[in-house]
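Have a look at the structure first, then read on.

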Amino acid sequence: MKKLLIAFIGLTVFLSACEKEDTTIELPASYNFENVSFSGQTARINMLSEIAAELSKGKSQTLSYTRLINMYSNTGNEFTDAALNTSGKQLRDKTFATDISFFESMFQAAADNSTAFNVSVTGNGTAGVATSIFDATKKYLVDSNGVEYAQIIQKGLMGAIFYYRIAEEYTTKDKLDPADNITVVPGEGTAMQHYWDEGFGYFGVPAILTVANYDSLNTAKALKFYGTYASKGKAVGTIENTLKAFIKGRDAINRKDYTTRDAAAVEIRKNLELINACAFISYMNQSKAAIGDYAVRCHTLSEGLGFLLSLKYNSERKISQTDFNTVEANFYRNGNLSTYHLTATEINAMIDKISSVYGLDAVKATL
(Lines give C-alpha, C1' and ligand atoms only; values in the text may rest on other atoms or scores of the structure.)
Protein backbone atom coordinates (compact mmCIF):
# COMPACT_ATOMS: atom_id res chain seq x y z
CA MET A 1 0.00 0.00 0.00
CA LYS A 2 2.89 2.31 0.93
CA LYS A 3 4.63 1.61 -2.41
CA LEU A 4 1.39 2.25 -4.26
CA LEU A 5 0.97 5.58 -2.47
CA ILE A 6 4.53 6.61 -3.30
CA ALA A 7 4.00 5.63 -6.92
CA PHE A 8 0.76 7.63 -7.05
CA ILE A 9 2.47 10.71 -5.58
CA GLY A 10 5.31 10.35 -8.07
CA LEU A 11 2.87 10.11 -10.97
CA THR A 12 0.98 13.17 -9.70
CA VAL A 13 4.20 15.20 -9.49
CA PHE A 14 5.19 14.07 -12.98
CA LEU A 15 1.83 14.96 -14.48
CA SER A 16 1.85 18.28 -12.67
CA ALA A 17 5.29 19.06 -14.08
CA CYS A 18 4.15 18.11 -17.57
CA GLU A 19 1.07 20.28 -17.26
CA LYS A 20 3.19 23.24 -16.13
CA GLU A 21 5.59 22.70 -19.02
CA ASP A 22 2.74 22.49 -21.54
CA THR A 23 1.29 25.83 -20.45
CA THR A 24 4.58 27.69 -20.89
CA ILE A 25 4.37 29.46 -24.23
CA GLU A 26 7.56 30.74 -25.82
CA LEU A 27 6.61 33.69 -28.03
CA PRO A 28 8.68 34.80 -31.02
CA ALA A 29 10.57 38.09 -30.70
CA SER A 30 8.91 39.47 -33.83
CA TYR A 31 5.57 39.06 -35.60
CA ASN A 32 7.05 35.98 -37.20
CA PHE A 33 4.02 33.97 -38.25
CA GLU A 34 2.93 32.15 -41.39
CA ASN A 35 0.37 33.62 -43.78
CA VAL A 36 0.56 37.23 -42.57
CA SER A 37 -0.88 39.90 -44.86
CA PHE A 38 -1.82 43.52 -44.20
CA SER A 39 -1.33 45.13 -47.59
CA GLY A 40 -4.49 47.22 -47.30
CA GLN A 41 -3.26 48.81 -44.08
CA THR A 42 0.15 49.49 -45.63
CA ALA A 43 -1.58 51.19 -48.56
CA ARG A 44 -3.56 53.48 -46.27
CA ILE A 45 -0.46 54.32 -44.25
CA ASN A 46 1.29 55.26 -47.49
CA MET A 47 -1.72 57.35 -48.49
CA LEU A 48 -1.49 59.37 -45.29
CA SER A 49 2.23 59.78 -45.86
CA GLU A 50 1.54 61.26 -49.29
CA ILE A 51 -1.17 63.54 -47.90
CA ALA A 52 1.26 64.76 -45.24
CA ALA A 53 3.85 65.46 -47.96
CA GLU A 54 1.24 67.33 -50.00
CA LEU A 55 0.23 69.45 -47.01
CA SER A 56 3.88 70.36 -46.37
CA LYS A 57 3.95 72.05 -49.79
CA GLY A 58 1.68 74.73 -48.36
CA LYS A 59 4.79 76.48 -47.03
CA SER A 60 5.80 77.38 -50.57
CA GLN A 61 2.70 77.16 -52.77
CA THR A 62 -1.09 77.29 -52.71
CA LEU A 63 -2.70 73.95 -51.98
CA SER A 64 -5.64 72.56 -53.90
CA TYR A 65 -8.56 71.60 -51.70
CA THR A 66 -9.90 69.42 -54.53
CA ARG A 67 -6.67 67.48 -54.72
CA LEU A 68 -6.50 67.00 -50.96
CA ILE A 69 -10.09 65.73 -50.85
CA ASN A 70 -9.44 63.48 -53.82
CA MET A 71 -6.45 61.99 -52.03
CA TYR A 72 -8.56 61.49 -48.92
CA SER A 73 -11.19 59.53 -50.88
CA ASN A 74 -8.75 58.13 -53.48
CA THR A 75 -10.38 59.58 -56.54
CA GLY A 76 -8.83 61.34 -59.52
CA ASN A 77 -5.51 59.42 -59.48
CA GLU A 78 -3.85 62.00 -57.25
CA PHE A 79 -1.19 59.83 -55.63
CA THR A 80 2.34 59.81 -57.00
CA ASP A 81 2.48 56.08 -56.24
CA ALA A 82 0.30 54.72 -59.05
CA ALA A 83 -0.34 51.51 -57.09
CA LEU A 84 -2.23 53.53 -54.49
CA ASN A 85 -4.53 55.00 -57.14
CA THR A 86 -5.60 51.53 -58.26
CA SER A 87 -5.54 49.84 -54.85
CA GLY A 88 -9.27 50.15 -54.22
CA LYS A 89 -8.41 51.53 -50.76
CA GLN A 90 -9.05 54.96 -49.29
CA LEU A 91 -8.82 56.83 -45.99
CA ARG A 92 -12.18 58.57 -45.94
CA ASP A 93 -14.33 55.46 -45.58
CA LYS A 94 -12.15 54.18 -42.73
CA THR A 95 -12.30 57.41 -40.73
CA PHE A 96 -14.40 57.57 -37.56
CA ALA A 97 -17.67 58.43 -39.30
CA THR A 98 -18.84 61.40 -37.26
CA ASP A 99 -15.48 63.16 -37.69
CA ILE A 100 -15.22 62.93 -41.49
CA SER A 101 -16.74 66.40 -41.84
CA PHE A 102 -14.26 67.76 -39.29
CA PHE A 103 -11.29 66.52 -41.27
CA GLU A 104 -12.75 67.79 -44.53
CA SER A 105 -13.06 71.20 -42.90
CA MET A 106 -9.40 70.93 -41.86
CA PHE A 107 -8.41 70.21 -45.47
CA GLN A 108 -10.38 73.28 -46.55
CA ALA A 109 -8.71 75.40 -43.87
CA ALA A 110 -5.27 74.16 -44.90
CA ALA A 111 -5.93 75.02 -48.55
CA ASP A 112 -7.38 78.44 -47.71
CA ASN A 113 -4.51 79.23 -45.38
CA SER A 114 -1.90 78.28 -47.98
CA THR A 115 -2.76 81.36 -50.06
CA ALA A 116 -0.60 83.21 -47.52
CA PHE A 117 2.46 81.03 -48.20
CA ASN A 118 4.52 84.07 -49.23
CA VAL A 119 3.77 85.97 -46.01
CA SER A 120 6.30 85.75 -43.17
CA VAL A 121 4.82 85.90 -39.69
CA THR A 122 6.37 86.23 -36.26
CA GLY A 123 3.25 86.38 -34.12
CA ASN A 124 -0.49 85.97 -34.02
CA GLY A 125 -2.97 87.95 -36.04
CA THR A 126 -1.63 87.12 -39.48
CA ALA A 127 -1.60 83.89 -41.45
CA GLY A 128 1.57 82.81 -43.20
CA VAL A 129 4.85 80.97 -42.74
CA ALA A 130 6.45 81.20 -39.30
CA THR A 131 10.19 80.55 -39.07
CA SER A 132 11.99 79.48 -35.92
CA ILE A 133 14.17 82.22 -34.43
CA PHE A 134 16.76 79.58 -33.52
CA ASP A 135 16.72 77.36 -36.62
CA ALA A 136 15.85 78.92 -39.97
CA THR A 137 15.19 75.48 -41.50
CA LYS A 138 12.12 75.08 -39.31
CA LYS A 139 9.23 76.71 -41.16
CA TYR A 140 5.54 76.09 -40.57
CA LEU A 141 2.39 77.36 -42.29
CA VAL A 142 0.03 78.65 -39.60
CA ASP A 143 -3.21 80.58 -39.60
CA SER A 144 -3.80 83.87 -37.80
CA ASN A 145 -4.38 81.96 -34.54
CA GLY A 146 -1.17 79.96 -34.81
CA VAL A 147 -2.84 76.73 -35.92
CA GLU A 148 -0.86 74.41 -38.19
CA TYR A 149 -3.58 72.43 -39.96
CA ALA A 150 -1.11 70.02 -41.53
CA GLN A 151 -0.27 68.61 -38.11
CA ILE A 152 -3.83 68.39 -36.85
CA ILE A 153 -4.82 66.50 -40.00
CA GLN A 154 -1.88 64.11 -39.88
CA LYS A 155 -1.97 63.28 -36.17
CA GLY A 156 -5.75 63.42 -36.04
CA LEU A 157 -6.19 60.96 -38.91
CA MET A 158 -3.69 58.62 -37.27
CA GLY A 159 -6.13 58.40 -34.41
CA ALA A 160 -9.39 58.54 -36.37
CA ILE A 161 -8.29 55.74 -38.71
CA PHE A 162 -5.33 53.66 -37.47
CA TYR A 163 -5.99 53.76 -33.72
CA TYR A 164 -9.75 53.67 -34.15
CA ARG A 165 -9.68 50.63 -36.45
CA ILE A 166 -7.33 48.73 -34.13
CA ALA A 167 -9.23 49.59 -30.95
CA GLU A 168 -12.80 49.44 -32.20
CA GLU A 169 -12.64 46.87 -34.97
CA TYR A 170 -9.76 44.44 -35.44
CA THR A 171 -9.11 43.60 -31.77
CA THR A 172 -12.75 43.36 -30.71
CA LYS A 173 -14.73 40.24 -29.89
CA ASP A 174 -17.49 41.47 -32.20
CA LYS A 175 -15.09 41.27 -35.14
CA LEU A 176 -13.09 38.22 -34.11
CA ASP A 177 -15.56 35.80 -32.51
CA PRO A 178 -17.72 35.21 -35.63
CA ALA A 179 -14.64 34.85 -37.84
CA ASP A 180 -13.58 31.43 -39.14
CA ASN A 181 -10.40 30.13 -37.51
CA ILE A 182 -10.16 26.80 -39.27
CA THR A 183 -9.94 27.35 -43.03
CA VAL A 184 -6.51 28.65 -44.04
CA VAL A 185 -6.22 30.85 -47.11
CA PRO A 186 -2.65 30.69 -48.41
CA GLY A 187 -0.91 34.00 -47.79
CA GLU A 188 -3.66 35.27 -45.47
CA GLY A 189 -4.30 32.55 -42.91
CA THR A 190 -7.73 32.03 -41.40
CA ALA A 191 -10.24 34.87 -41.36
CA MET A 192 -9.58 35.47 -37.66
CA GLN A 193 -5.81 35.47 -38.13
CA HIS A 194 -6.18 37.88 -41.02
CA TYR A 195 -8.30 40.33 -39.05
CA TRP A 196 -5.72 40.35 -36.27
CA ASP A 197 -2.92 40.84 -38.81
CA GLU A 198 -4.79 43.80 -40.30
CA GLY A 199 -4.91 45.36 -36.86
CA PHE A 200 -1.15 44.83 -36.55
CA GLY A 201 -0.73 46.44 -39.97
CA TYR A 202 -2.13 49.73 -38.66
CA PHE A 203 0.62 49.78 -36.00
CA GLY A 204 2.90 50.89 -38.83
CA VAL A 205 5.80 48.48 -38.32
CA PRO A 206 7.25 45.64 -40.42
CA ALA A 207 6.78 42.06 -39.26
CA ILE A 208 10.54 41.85 -38.59
CA LEU A 209 10.36 44.44 -35.81
CA THR A 210 11.77 43.38 -32.45
CA VAL A 211 12.45 45.38 -29.31
CA ALA A 212 16.17 44.98 -30.04
CA ASN A 213 16.04 46.40 -33.59
CA TYR A 214 13.45 49.12 -32.91
CA ASP A 215 15.91 52.02 -32.80
CA SER A 216 17.75 50.98 -35.95
CA LEU A 217 14.50 50.51 -37.91
CA ASN A 218 13.20 53.83 -36.64
CA THR A 219 16.40 55.59 -37.69
CA ALA A 220 16.08 53.97 -41.12
CA LYS A 221 12.50 55.35 -41.33
CA ALA A 222 11.10 51.83 -41.65
CA LEU A 223 8.50 52.62 -38.98
CA LYS A 224 5.46 54.75 -39.73
CA PHE A 225 3.07 56.79 -37.61
CA TYR A 226 2.22 54.85 -34.44
CA GLY A 227 5.26 52.67 -34.97
CA THR A 228 7.45 55.75 -34.69
CA TYR A 229 5.46 57.53 -31.99
CA ALA A 230 5.56 54.45 -29.75
CA SER A 231 8.99 55.82 -28.79
CA LYS A 232 7.27 58.73 -27.04
CA GLY A 233 6.22 56.28 -24.34
CA LYS A 234 9.48 54.38 -24.23
CA ALA A 235 9.90 55.23 -20.53
CA VAL A 236 6.71 53.35 -19.70
CA GLY A 237 7.25 50.40 -22.03
CA THR A 238 4.93 51.22 -24.91
CA ILE A 239 7.30 49.82 -27.53
CA GLU A 240 7.78 46.36 -26.05
CA ASN A 241 4.32 46.11 -24.50
CA THR A 242 2.43 46.95 -27.70
CA LEU A 243 4.57 44.66 -29.85
CA LYS A 244 4.40 41.81 -27.36
CA ALA A 245 0.61 42.09 -27.10
CA PHE A 246 0.19 41.84 -30.88
CA ILE A 247 2.49 38.80 -30.96
CA LYS A 248 0.79 37.21 -27.97
CA GLY A 249 -2.65 37.66 -29.49
CA ARG A 250 -1.69 36.16 -32.85
CA ASP A 251 -0.05 33.20 -31.16
CA ALA A 252 -3.18 32.69 -29.06
CA ILE A 253 -5.38 32.72 -32.17
CA ASN A 254 -3.10 30.11 -33.72
CA ARG A 255 -3.68 27.92 -30.64
CA LYS A 256 -7.39 28.81 -30.45
CA ASP A 257 -6.85 30.26 -26.98
CA TYR A 258 -9.38 33.07 -27.11
CA THR A 259 -9.06 34.06 -23.46
CA THR A 260 -5.42 34.96 -24.02
CA ARG A 261 -6.32 36.61 -27.32
CA ASP A 262 -8.82 38.90 -25.63
CA ALA A 263 -6.39 39.77 -22.83
CA ALA A 264 -3.80 40.72 -25.45
CA ALA A 265 -6.37 42.88 -27.22
CA VAL A 266 -6.98 44.82 -24.02
CA GLU A 267 -3.23 45.40 -23.69
CA ILE A 268 -3.01 46.67 -27.26
CA ARG A 269 -5.79 49.18 -26.75
CA LYS A 270 -4.34 50.30 -23.43
CA ASN A 271 -0.84 50.83 -24.82
CA LEU A 272 -1.95 52.65 -27.97
CA GLU A 273 -3.96 55.01 -25.78
CA LEU A 274 -0.85 55.49 -23.67
CA ILE A 275 1.19 56.32 -26.78
CA ASN A 276 -1.28 59.11 -27.59
CA ALA A 277 -1.11 60.43 -24.03
CA CYS A 278 2.70 60.32 -23.91
CA ALA A 279 2.98 62.01 -27.31
CA PHE A 280 0.62 64.76 -26.16
CA ILE A 281 2.70 65.44 -23.04
CA SER A 282 5.92 65.29 -25.07
CA TYR A 283 4.72 67.98 -27.47
CA MET A 284 3.40 70.10 -24.62
CA ASN A 285 6.85 69.90 -23.02
CA GLN A 286 8.43 70.96 -26.31
CA SER A 287 6.03 73.86 -26.71
CA LYS A 288 6.76 75.03 -23.20
CA ALA A 289 10.51 74.90 -23.88
CA ALA A 290 9.92 76.94 -27.07
CA ILE A 291 7.48 79.41 -25.53
CA GLY A 292 9.50 82.33 -26.93
CA ASP A 293 9.76 80.84 -30.43
CA TYR A 294 6.40 81.47 -32.12
CA ALA A 295 6.99 79.02 -34.98
CA VAL A 296 8.07 76.04 -32.90
CA ARG A 297 5.52 76.77 -30.19
CA CYS A 298 2.62 76.76 -32.68
CA HIS A 299 3.99 73.69 -34.45
CA THR A 300 4.35 71.56 -31.31
CA LEU A 301 1.04 72.71 -29.85
CA SER A 302 -0.70 71.74 -33.11
CA GLU A 303 0.96 68.32 -33.05
CA GLY A 304 -0.07 67.85 -29.45
CA LEU A 305 -3.66 68.77 -30.25
CA GLY A 306 -3.76 66.04 -32.91
CA PHE A 307 -2.73 63.43 -30.34
CA LEU A 308 -5.20 64.78 -27.80
CA LEU A 309 -8.04 64.44 -30.31
CA SER A 310 -6.92 60.86 -30.97
CA LEU A 311 -7.56 59.84 -27.37
CA LYS A 312 -11.31 59.71 -27.97
CA TYR A 313 -11.23 56.91 -30.57
CA ASN A 314 -11.41 54.08 -28.04
CA SER A 315 -14.60 53.25 -26.15
CA GLU A 316 -12.48 51.77 -23.35
CA ARG A 317 -10.41 54.95 -22.99
CA LYS A 318 -9.13 55.81 -19.56
CA ILE A 319 -9.81 59.53 -19.82
CA SER A 320 -13.31 60.68 -18.91
CA GLN A 321 -15.33 62.81 -21.28
CA THR A 322 -15.25 65.62 -18.72
CA ASP A 323 -11.46 65.61 -18.47
CA PHE A 324 -11.12 65.34 -22.24
CA ASN A 325 -13.42 68.32 -22.74
CA THR A 326 -11.52 70.34 -20.13
CA VAL A 327 -8.19 69.86 -21.88
CA GLU A 328 -9.57 70.27 -25.40
CA ALA A 329 -11.24 73.58 -24.45
CA ASN A 330 -7.79 75.11 -23.96
CA PHE A 331 -7.24 74.95 -27.72
CA TYR A 332 -10.15 77.25 -28.51
CA ARG A 333 -10.39 81.01 -28.29
CA ASN A 334 -13.52 82.93 -29.20
CA GLY A 335 -14.95 79.75 -30.67
CA ASN A 336 -11.99 79.12 -33.00
CA LEU A 337 -9.08 76.69 -32.88
CA SER A 338 -6.07 78.52 -31.51
CA THR A 339 -2.58 77.87 -30.14
CA TYR A 340 -0.95 81.31 -29.90
CA HIS A 341 -2.78 82.30 -26.70
CA LEU A 342 -1.64 79.35 -24.61
CA THR A 343 0.67 80.29 -21.75
CA ALA A 344 3.22 78.14 -19.92
CA THR A 345 0.82 77.99 -16.98
CA GLU A 346 -2.02 76.69 -19.16
CA ILE A 347 0.28 74.20 -20.86
CA ASN A 348 1.47 72.92 -17.48
CA ALA A 349 -2.13 72.48 -16.37
CA MET A 350 -2.85 70.33 -19.43
CA ILE A 351 0.27 68.25 -18.83
CA ASP A 352 -0.70 67.73 -15.21
CA LYS A 353 -4.24 66.66 -16.11
CA ILE A 354 -3.22 64.09 -18.73
CA SER A 355 -0.34 62.88 -16.57
CA SER A 356 -2.68 62.36 -13.63
CA VAL A 357 -5.22 60.44 -15.70
CA TYR A 358 -2.60 58.10 -17.17
CA GLY A 359 -0.32 57.70 -14.17
CA LEU A 360 2.63 59.45 -15.78
CA ASP A 361 3.65 61.84 -13.00
CA ALA A 362 6.98 60.07 -12.47
CA VAL A 363 8.03 60.55 -16.10
CA LYS A 364 6.03 63.52 -17.38
CA ALA A 365 8.96 65.93 -17.18
CA THR A 366 11.13 63.71 -19.40
CA LEU A 367 8.62 62.61 -22.03
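For what follows, a helix axis is a line fitted to C-alpha atoms over the stretch in contact, and angles run from 0 to 180 degrees between N-to-C directions. Bear in mind that this is a predicted model.

Let's start with the helix pair. The axes of α11 (residues 238-254) and α12 (residues 258-289) come within 8 Å, crossing at roughly 155°. Since angles over 145 degrees count as roughly antiparallel, that makes α11 roughly antiparallel to α12. The crossing of the two is left-handed.

So who touches whom? On the α11 side, the contact includes Thr 238, Ala 245, Phe 246 and Ile 253, and these residues and others meet a set in α12 that includes Arg 261, Glu 267, Ile 268 and Leu 272. Sorted by class, the α11 contact with α12 has nine nonpolar, six polar and three charged residues.

Now for the sheet. It's an open one of three strands, ordered β1-β2-β3, and the pairing is mixed. Here are the strands:

| Strand | Residues |
|---|---|
| β1 | 120-121 |
| β2 | 128-131 |
| β3 | 139-142 |

β1 and β3 stand at the edges with a single partner strand each, so one side of each has no neighbour in the sheet. β1 and β2 run parallel, joined by two bridges. Val 121 has Ala 130 in β2 as its bridge partner.

A helix joins in here too: α13 (residues 294-310) packs on the sheet and touches β1, β2 and β3. The direction of α13 makes about 65° with that of β3.

Conventions. Residues numbered from 1 in each chain as written. Predicted model: local features only at pLDDT ≥ 70, side-chain atom pairs only at ≥ 80, totals over all residues. Heavy atoms only, no water. Helix = DSSP H or I, 4+ residues; strand = E, 2+ residues; numbered from the N terminus. Parallel < 35°, antiparallel > 145°, perpendicular 65-115°, else oblique. Left-handed = near helix turned anticlockwise from the far one by under 90°. Contact = heavy atoms within 4.5 Å. Nonpolar A, V, L, I, M, F, W, Y, C, P; charged D, E, K, R; others polar. Pairing = 2+ DSSP bridges.
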